[in-house]
Amino acid sequence: MRVDRLKDHWREQRMFLGRVIAAAVIVVLLAGLVVYRLVDLQVVNFEHFSRLSQGNRVRIEPIPPVRGLLFDRNGRVLAENHPVYQLELVPEQVRDLESTLAALLELELVQEEDLPRIRNQIRSQRRFDPTILRHRLSEEEAARFAVHRPRFTGVDIQARLARQYPLGESGSHVIGYVGAVSENDLKRLDAPNYAGTAQTGRIGAERAWEHLLHGTTGYRQILVNAQGRMLQELERIDAAPGRNVYLTIDLELQAVAEEALQGRRGAVVAMDPRNGEVLALVSVPSYDPNLFSLGISTRQYQALQTDIDQPLFNRALRGQYPPGSTIKPILALAGLHYGVITGRDTIFCPGWFSLPNHSHRYRDWKRTGHGTVNLEESVAQSCDVYYYRLAITLGIERMHDFLSKFGLGHVTGIDIPGEQPGLMPSRQWKRTAFSRPQDQAWFPGETVITGIGQGYMLTTPLQLAQAAAILGNRGQGFRPTLLAAVEDPMSGERENSGHQPLPPLQLAPQKVEEAVDSMIAVMHGPRGTARASARNAEWTIAGKTGTAQVVAIAQGQEYDESKVDERHRPHALFISFAPAENPRIAVGVLVENGASGSGAAAPIARLVMDNWLNREAD
Amino acid sequence: MAVSPSVFGERHSLTLGRRIMAGLRLDAPLLAGLVLISGFGLVVLWSAGGQDSGLMMRQLVRLGVAFGVLLAIAQVPPKILRFWSPWLFAGGLALLVAVLLVGDFGKGAQRWLDLGVVRFQPSEIMKLAVPMMAAWYLHDRPLPPRFLELVVLLALVAVPAALIAQQPDLGTALLVGSSGVLVVLLGGLRLRLIALLGAAAAALAPVLWHFMHDYQRRRVLTLFNPESDPLGAGYHIIQSKIAIGSGGLFGKGWGNGSQAQLEFLPERSTDFIFAVLGEEFGLIGLVLLMLGYLFLVGRGMYIALQAQDTYTRLLAGSISLTFFVYVFVNTGMVSGLLPVVGVPLPLVSYGGTSMVTLMAGFGILMSVNGHRNLLGK
């Protein structure tokens with residue numbers, strides 16, 4: 001220690017004394033500040049606070065915002081708000097809770113199965129916050145309560161807005177639905193902003209644009225007397241209503257597709273290839289979303305869940321099916337792109353294919369074979385042997401890379417939730433997907449069947465439409481979107497939503513045209529598999545049929561003798577776009593157990609394309 | 001200054017009571033103040049807790065334990081406290097890190113360390129360990145501290161405070177931080193430096209603001225203007241102000257506070273008990289309590305002035321002033337002067353751990369005072 005840094009105890013003590021005095025002054029000043037504040041509250045403003053507290057009480061009530069409406073692209077209403085009666089109870093004002101509940105039960109205004117939820121809610125809430133006994137009373141029930149009202153202090157009817165879907169089952173897989181806000185939702189959402197909100201988007205567009213539709217909760221401070229009646233409103237901040245959301249869906253096109261699929265199980269997705277807007281997204285069978293927004297009973301929900309036709313299942317987004325022959329034009333393009341074939345090259349199709357040194361025969365769908373076929377004929381007639389050979393020549397890795405570029409095997413990024421990725425197999429995938437080493441190796445036979453879209457490969461109807469759109473737009477894809485515009489309901493200001501182009505595929509234009517031409521031959525060629533569906537067409541259509549084998553009925557399903565046969569039939573698939581030269585619509589169709597792509601799926605696509613192009617031309 | 005007369009007068013005329021107090025190293029005025037305030041606290045709690053005798057019993061047991069801890073620590077000579085300071089600090093720091101790591105597995109219980117029999121918050125240890133460490137660091141160094149020493153001190157205070165803020169427990173982090181900073185301020189941090197640091201903090205605020213996300217800014221704004229969020233944090237303040245304001249000069253009487261009794265007031269037996277007191281005992285009750293607190297702080301600072309070495313002087317000073325920080329932060333937030341951070345009203349709020357720490361602090365004050373003459377300086 002240096003000499004000049006020796007401790008000087010005397011000086012330190014004097015300095016410490018100085019600091020303590022300074023601290024004492026500050027302490028007294030701060031304490032004075034608190035006391036000054038208390039005097040201000042308790043003496044100066046005593047009257048004010050006393051009035052708020054004595055006899056009268058201040059209550060803060062949230063004012064829930066009005067939920068934004070959902071429209072289709074032409075402004076037709078998809079989801080609106082409708083007033084309903086709701087039965088509420090304020091625990092603080094009820095003298096005997098159990099006898100009140102028992103009496104309501106006797107009048108059948110409260111349901112037995114709701115009692116645990118109600119008791120739970122009463123226990124966990126502030127005593128002056130209303131608990132909802134019933135979400136919706138019918139007119140008759142509301143009248144019955146009104147008669148007995150004097151018996152029930154603390155119980156009252158509140159009118160509120162509930163979501164209603166005027167179209168019923170139509171479009172429900174796009175629109176989605178709202179349901180009661182749960183504990184879990186509040187962890188996910190901004191809880192204070194949902195203080196007065198009864199419903200939140202569960203699925204579909206209602207969920208995807210919840211943040212736009214909901215709006216901002218307002219509140220009011222009110223003065224109430226000992227009975228809880230409002231005496232005076234002290235302060236009010238109005239709620240800001242949610243924004244109106246316009247979807248890219250065209251209601252009429254949607255209806256045409258739904259109608260065409262009626263009585264079947266399947267999906268249709270129609271897109272505008274020039275911008276990725278989804279014009280129709282249909283999954284049949286469907287369900288009535290009003291059931292969910294108005295409170296579904298356990299029995300009804302069970303029925304929907306166990307229905308063998310799975311109406312709650314969104315096949316367009318979540319159904320994963322082998323694409324079958326629909327991928328052939330894209331594989332042909334892959335062959336051209338990698339330079340392993342040209343359009344003029346031919347092969348001889350005897351009706352079967354074998355790997356060198358293997359005896360196993362991979363059969364063509366046509367037993368007798370297609371004879372000598374070139375690229376265009378291979379697509380038009382859907383020759384399997386051509387693609388068995390092409391697959392072996394390309395190898396699974398190049399097939400994986402090329403098909404992935406067309407959106408197969410990964411999510412397309414559509415803006416409503418729940419989309420499934422499908423599966424585009426590769427060696428790498430097989431190594432990680434299986435646990436047993438003997439399953440991890442990739443076999444040449446697996447490459448062969450991937451050539452006709454069978455085996456491990458899975459796609460969703462949305463992906464099929466997206467692949468058709470990318471090819472139709474000559475390699476320039478867009479992220480599929482359902483959001484057309486957002487509108488401020490107060491000012492009417494409308495903001496159109498943008499489109500998101502994907503990185504363009506670097507493909508030689510004449511090779512793309514060759515692939516498109518082969519798809520035109522499917523529709524308009526003399527031996528095209530879907531030529532029946534292009535009869536009298538005003539536009540050149542490019543299409544490709546697909547028929548995918550159903551491996552087996554899923555386990556655990558109920559067996560119904562009459563239905564078993566039907567459910568063993570192959571799935572029917574179809575992709576297309578039109579007009580082929582400059583497409584304005586691309587369509588993907590799937591019909592479960594539809595047996596044949598040309599017979600079941602292609603006609604539906606034709607109806608959808610005609611409807612859209614005819615109206616667009618006007 | 002070396003030998004000062006006791007506030008009770010001449011040492012040769014000790015009565016029996018005073019002899020016992022001296023033998024137990026207790027400072028009678030301090031002890032009397034503590035007993036009076038915690039007694040008053042129990043009276044308020046009886047009403048605030050809804051006349052719940054189970055709750056009263058638990059609080060009584062806690063008070064008993066807390067006074068026991070005070071008595072025990074009063075027996076420990078300051079030299080021993082000083083010797084153990086770095087170890088206590090290191091141990092506390094290790095526990096804080098442990099809580100942070102273990103807390104990652106068991107979410108939601110991050111502040112607590114479960115030692116099988118006892119569960120406790122390591123951050124409570126730090127409330128005393130940080131000022132002890134800072135005082136230990138300065139005790140044989142010439143004052144005021146030099147710049148490099150200040151940097152070390154800053155780290156000693158900031159690291160535990162940051163770890164606690166991470167838990168997240170902003171209130172405790174604030175108290176731990178201020179207890180350390182107070183040691184440095186009492187240790188003679190130059191006024192110029194204080195002014196400089198204040199200016200730097202003021203200059204940094206807008207920069208920080210600039211880098212914050214929108215939602216973070218909104219949170220800060222709500223902190224300072226609770227009325228803008230009446231459904232969330234602001235609810236506390238609105239109801240608390242009504243409770244205090246409607247109490248008036250003389251209050252509505254014990255057990256008659258409608259705000260408190262009708263459960264309008266949240267956390268009425270813990271952080272917001274000051275509002276219950278204001279509603280039922282009025283301005284008179286609140287001012288009396290404030291005077292009681294000021295007496296404790298004053299007596300503590302007096303003990304610090306009498307202390308005979310740097311360590312005890314700084315430690316006693318810091319403990320007394322930190323106690324006032326408690327009082328100010330709680331009363332400030334309940335009366336709507338300060339943002340709401342979870343700090344209980346010392347000696348009155350229902351709750352265990354912080355009460356024990358508080359009494360341990362007063363135990364140190366007693367020890368500093370009671371062992372003074374034996375040093376024979």
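**Reading helix packing in chain B**

Colleague: At what angle do the axes of α10(B) and α12(B) cross?

Modeller: Two packed helices are described by the angle between their axes and the distance between the axes. Here, the axes of α10(B) and α12(B) cross at roughly 20 degrees and come within 6 Å. That makes α10(B) roughly parallel to α12(B) (under 35 degrees; over 145 is roughly antiparallel, 65 to 115 roughly perpendicular, the rest oblique). Axes are lines fitted to C-alpha atoms, for helices over the stretch in contact, with angles from 0 to 180 degrees between N-to-C directions. The model is predicted: local features need pLDDT of at least 70 and side-chain atom pairs 80 or more, while totals for chains, interfaces and linings use all residues. Residues are numbered from 1 along each chain as its sequence is written, chains are lettered from A and ligands numbered from 1 in the order written.

Colleague: Which residues of α10(B) meet α12(B)?

Modeller: Contact means C-beta atoms, placed from the backbone, within 7 Å. From α10(B) come S240(B), A243(B), I244(B), S246(B) and G247(B). They meet A275(B), V276(B), G278(B), E279(B), E280(B) and G282(B) in α12(B). By class, this contact has four nonpolar, five polar and two charged residues. Nonpolar covers Ala, Val, Leu, Ile, Met, Phe, Trp, Tyr, Cys and Pro; charged covers Asp, Glu, Lys and Arg; the others, Gly among them, are polar.

Colleague: At what angle do α12(B) and α13(B) pack?

Modeller: About 165 degrees, with the axes of α12(B) and α13(B) 9 Å apart. That makes α12(B) roughly antiparallel to α13(B). Their contact has 14 nonpolar, five polar and one charged residues. Among them are Y293(B) and L296(B) in α12(B), and F323(B) and F324(B) in α13(B).

Colleague: How many helices and strands does chain B have?

Modeller: Helices are DSSP runs of H or I, at least four residues long, and strands are runs of E, at least two, numbered from the N terminus. Chain B has 14 helices and two strands. Of its 377 residues, 47% are buried (20 or more other C-beta atoms within 10 Å of its own; exposed is 12 or fewer, partly exposed in between, with C-beta atoms placed from the backbone).

Colleague: How many residues does each chain give to the contact between chain A and chain B?

Modeller: Chain B gives 44 residues and chain A gives 40. On the side of chain B, α7, α10, α11, α12 and α13 each give two or more. The most come from α12(B), with eleven residues. By class, that side has 25 nonpolar, 15 polar and four charged residues.

Definitions and conventions:
Contact = placed C-beta atoms within 7 Å.
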